[in-house]
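This report covers the confidence of a model and the charged pairs within it. Please look over the sequence and the structure before reading on.

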Amino acid sequence: DSQEENQKQSSTNPQTKPQSNGGKAKPKRPYFNGHKGYGKFQQYSNGIVVPQMDAHSTIVYALYRQLSYYFSADNLSKDVYLVGQMDKDRYVSVDLIASFPKIKTLTATLTHPREELLSAMARCPNFELDPSGLKVRPYLRAATLVLRDIPSDMEEDAVQKIIDGVPEIKELEKDGYSWTLRLVNGEACLDAVLNLAKKTWKGKPIRVRQVQSPAFSAFPGANQPVLGQGG
């Protein structure tokens, strides 16, 4: 978590074609929304296809992923420090994000670190960059949250007590081994994340995960830290 630091040619997803090896279909190449220039792709033994990137693009990609993680529902539900730095409109300073050790490490070798940082922020689907370029706030597009640590065998009345005070809930339902919270829109989803971040269950923060379509991501692997959680 950031609390520790501040005290701490794009693919068009072509049709699959049969291979001569056992008639298996080739895995589809991922579609990179609005990010061109990768050209060649590399396929791993597990079937995952990723772009081959030069050193600069690799850093930019890693920067994007780290930024996406900071403002993910997963991190916001437990990052007390970052949430505590938000103003009444939920903005935090770009300088604050730039000061995080992992961001400093990633931008250290860039010729124009500030410009590259702002460019990465502008591409993050869960970032809303102020027109001044001085502050940024989370923007959650999807409206479904998984209550990660609340078991599905808990009585619904007990779960209702946990989420008491969370506004604009459409539905609460069991989903596999956990409970799922459906809200009216992305803004209500952010309200719920920040509301639940103030609560605890069994002495621990109530962690959540946002259910979101991969189509929202400008890069694959978004919302996952690249160098370990937070930082």
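How many contacts beyond four places in sequence does the model have for residues 8-18, where pLDDT stays under 50? The model has 32 such contacts for residues 8-18, a contact being heavy atoms within 4.5 Å. The pLDDT is the predictor's confidence in each residue, from 0 to 100. Over residues 26-38 pLDDT also stays under 50, and here the model has 46 contacts beyond four places in sequence. Where pLDDT is low, the predicted coordinates should not be read in detail.

This is a predicted model, in which local features need pLDDT of at least 70 and side-chain atom pairs count only at pLDDT 80 or more, while totals for chains, interfaces and linings use all residues. Residues are numbered from 1 along each chain as its sequence is written, and side-chain values use heavy atoms, with hydrogens and water left out.

The average pLDDT of the chain is 76, and 68% of the residues score at least 70. Confidence is lowest in helix H1 (residues 2-6), with a mean of 53, and highest in strand E3 (residues 92-93), with 96. Helices (H or I, at least four residues) and strands (E, at least two) are DSSP runs, numbered from the N terminus.

The structure holds nine salt bridges. A salt bridge is a side-chain nitrogen of Lys or Arg within 4 Å of a carboxyl oxygen of Asp or Glu.

| Salt bridge | N to O distance |
|---|---|
| Arg148 and Asp74 | 2.7 Å |
| Arg207 and Asp149 | 2.8 Å |
| Arg182 and Glu171 | 3.6 Å |

Arg148 and Asp74 form a salt bridge. Because Arg148 belongs to strand E6 (residues 144-151) and Asp74 to helix H3 (residues 73-76), the pair ties together parts that are 74 residues apart in sequence. Asp74 is buried, at 18% relative accessibility, and Arg148 is partly exposed, at 33%. Buried means under 20% relative accessible area, exposed over 50%, and partly exposed in between (1.4 Å probe, protein chains only).

Strand E6 also contains Asp149, which pairs with Arg207 in the loop between strand E10 (204-205) and strand E11 (208-210), so parts 58 residues apart in sequence are tied together. Arg207 is partly exposed at 30%, and Asp149 is partly exposed at 30%.

Arg182 in strand E8 (residues 178-183) and Glu171 in strand E7 (residues 169-175) are eleven residues apart. Arg182 has a relative accessible area of 28%, and Glu171 one of 36%. Salt bridges with shared partners join Asp74, Lys78 and Arg148 into one network.
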